[in-house]
Amino acid sequence: MFGTTVKENKVKRYIVMKRSKDNDCFYTERGFDSIIDADSYATLLRKQEPDYGWYLFEQSKEYGNGEDKK
């Protein structure tokens, strides 16, 4: 196609998730580009919602379009 460019989206590597203490399921809260931002967000939410367990996951690899990316 003419006039179109494919732009690669920036991956949010750090994902803050929560889990209720009575449940085994994790729920995605938000993703971040920086570990500092993700850690600050999780610290704030731990103070506001102490009934949940808060977790920070790091996405180390992106699988997109059949190509391995780092």
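Reader: Leaving aside neighbours within four places in sequence, which residues is Ala38 in contact with?
Author: Ala38 is in contact with Tyr14, Val16, Phe32 and Leu56, where contact means heavy atoms within 4.5 Å. This is a predicted model, in which local features need pLDDT of at least 70 and side-chain atom pairs count only at pLDDT 80 or more, while totals for chains, interfaces and linings use all residues. Residues are numbered from 1 along each chain as its sequence is written, and side-chain values use heavy atoms, with hydrogens and water left out.

Reader: Ala38 buried or exposed?
Author: Ala38 is buried, at 0% relative accessibility. Buried means under 20% relative accessible area, exposed over 50%, and partly exposed in between, with a 1.4 Å probe and protein chains only.

Reader: Which element is Ala38 found in?
Author: Helix α1. Helices (H or I, at least four residues) and strands (E, at least two) are DSSP runs, numbered from the N terminus.

Reader: What is in the largest nonpolar core?
Author: It has 8 residues: Tyr14, Val16, Phe32, Ala38, Tyr41, Ala42, Leu45 and Trp54. A nonpolar core here is a set of buried Ala, Val, Leu, Ile, Met, Phe, Trp, Tyr and Cys residues joined through side-chain atoms within 4.5 Å.

Reader: Which elements give two or more residues to this core?
Author: β1 (14-20) and α1 (35-48) do. The most comes from α1, with 4 residues.

Reader: And Phe32, what does that touch?
Author: Not counting residues up to four places away in sequence, Phe32 touches Lys12, Arg13, Tyr14, Val16, Asp37, Ala38 and Tyr41.

Reader: Back to the helix. Which residues of α1 are buried?
Author: Ala38, Tyr41, Ala42 and Leu45. Seen down the axis of α1, the buried residues fall within an arc of 100°, so they line one face of the helix. The arc is that of the directions from the helix axis to the C-beta atoms. On the other side of α1, Ile36 and Lys47 are exposed.

Reader: What covers the buried residues of α1?
Author: The cover includes β1, β2 (27-32) and β3 (52-58).

Reader: What caps the N-terminal end of α1?
Author: Ser34 does, with a side-chain oxygen 3.1 Å from the backbone nitrogen of Ile36. The cut-off for a polar contact is a pair of N or O atoms within 3.5 Å; within protein, one must be able to donate a hydrogen and the other to accept it, and residues adjacent in sequence count only if both atoms are side-chain atoms.

Reader: Strands next. How many bridges join β1 to β2?
Author: 5, and the two strands run antiparallel. Strands pair if DSSP finds at least two bridges between them. β1 and β2 form a hairpin with 6 residues between them. β1 also pairs with β3 in the antiparallel sense, over 7 bridges.

Reader: Which residue of β2 is the bridge partner of Lys18?
Author: Tyr27. In β3, the bridge partner of Lys18 is Trp54.

Reader: A lysine in β1, then. Is Lys18 buried or exposed?
Author: Lys18 is buried, with a relative accessible area of 16%. Among the residues that Lys18 touches are Cys25, Glu29, Glu49 and Tyr52. As for the strand, 5 of the 7 residues of β1 are buried, so β1 is largely enclosed by the rest of the structure.
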